[in-house]
Amino acid sequence: STTVSSSRNHTLEESLLLYPLSEAAGRPLVGRLNWIMVVLISPPQMLRRGLRMVGIHDEAQRRLHQETRVRKFKAHFGRHPLHCCRVWRDLQTTPIIEAHMDPAEPFAFEGFLQALHFLKCYQVEDVRATLFKMNEKDVRNLSWRSVNRIAALKREKIVWPPDDEWTTTFIVSVDGTI
């Protein structure tokens with residue numbers, strides 16, 4: 001993989017990674033090697049951008065302790081910024097076509113964070129549209145597009161061993177008793 005530094009504006013540094021498609025697909029390609037662009041975002045960048053999206057701007061963020069910033073991020077998006085960075089990367093590098101997200105797609109990253117916010121807070125569109133300063137239709141489309149992509153990752157992320165490899169017996173009860 002090859003790393004290229006990029007800057008869209010003065011407040012945001014992102015790392016662009018040229019990723020061999022064969023590595024993203026988990027299998028070698030015969031013939032010409034294809035590359036995909038992956039926009040890597042660090043946990044501090046994820047934290048800063050996420051809080052900015054929900055109205056906590058840079059100056060207010062600087063006044064908060066790190067633990068408070070992370071707590072506020074988790075309150076809005078459900079997970080630690082590190083885990084959100086990993087899901088963002090996985091959406092770009094997955095071989096699952098339904099889950100793949102092109103970072104060059106308009107509002108891809110914003111839609112990703114809006115989907116996480118929707119899954120955590122489950123607010124109505126009017127509230128989310130006001131929070132994200134967009135119209136209801138755009139919030140709905142961006143959120144659901146990313147929710148469906150995150151859901152499509154389950155084939156890659158939730159893997160059970162074959163039946164003949166189980167060595168443990170699990171007993172499950174609906175009401176919590178055995």
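1. V172 is found in the segment that follows α9 (154–157), and in this predicted model V172 counts as exposed, because its relative accessibility is 76% and the cut-off for exposed is over 50%. Together with I158, W160, W166 and F170, V172 makes a nonpolar surface patch of about 650 Å².

2. Read from the N terminus, the order of elements is β-β-α-β-α-α-α-α-α-α-α-α. Of the 178 residues, 35% count as buried, while the chain exposes about 11,500 Å², of which carbon and sulfur atoms supply 56%. Among the contacts with a separation of 6 or more, 53% are accounted for by residues 24 or more positions apart.

3. The structure holds six aromatic pairs. In one of them, the ring centres of F73 and F77 are 4.8 Å apart and the planes stand at 45°, so this pair is described as tilted. Both residues belong to helix α4 (residues 66–77), where they are four residues apart, or about one turn of the helix.

4. W88 and F112 form another tilted pair, with ring centres 5.5 Å apart and planes at 45°. This pair links distant parts of the chain, for W88 lies in helix α5 and F112 in helix α6 (residues 108–121), 24 residues apart. W88 counts as buried at 2% relative accessibility, and F112 counts as buried at 0%. Ring pairs also bring in F109, so that W88, F109 and F112 are linked into a cluster.

5. Turning to charged side chains, the count comes to ten salt bridges. R62 and E59 meet in one of them, at 3.1 Å from N to O, and both lie in helix α3 (residues 58–63), three residues apart, which is about one turn of the helix. R62 is exposed, with a relative accessible area of 60%, whereas E59 counts as partly exposed at 45% relative accessibility.

6. Which residue forms a salt bridge with D90? The partner is K157, and the closest N and O atoms are 2.9 Å apart. Because D90 lies in helix α5 and K157 in helix α9, the pair ties together parts that are 67 residues apart in sequence. D90 counts as buried at 10% relative accessibility, whereas K157 counts as partly exposed at 46%.

7. R140 and E125 form a further salt bridge, with their closest N and O atoms 2.7 Å apart. R140 lies in helix α8 (residues 136–152) and E125 in helix α7 (residues 125–132), so this pair ties together parts that are 15 residues apart in sequence. At 33% relative accessibility R140 counts as partly exposed, and E125 counts as partly exposed at 25%.

Key:
Residues are numbered from 1 along each chain as its sequence is written. This is a predicted model: local features need pLDDT of at least 70, side-chain atom pairs count only at pLDDT 80 or more; totals for chains, interfaces and linings use all residues. Side-chain values use heavy atoms; hydrogens and water are left out. Helices (H or I, at least four residues) and strands (E, at least two) are DSSP runs, numbered from the N terminus. Buried means under 20% relative accessible area, exposed over 50%, partly exposed in between (1.4 Å probe, protein chains only). Contact means heavy atoms within 4.5 Å. Accessible areas come from the Shrake-Rupley method with a 1.4 Å probe; for residues, only the protein chains shown count as cover. Rings of Phe, Tyr and Trp (its six-membered ring) pair if their centres lie within 6.5 Å; planes under 30 degrees apart count as stacked, over 60 as edge-to-face and the rest as tilted. Patches are made of residues with over 30% relative accessible area and no salt bridge: like charges are joined within 9 Å, nonpolar side chains (Val, Leu, Ile, Met, Phe, Trp, Tyr) within 5 Å. A salt bridge is a side-chain nitrogen of Lys or Arg within 4 Å of a carboxyl oxygen of Asp or Glu.
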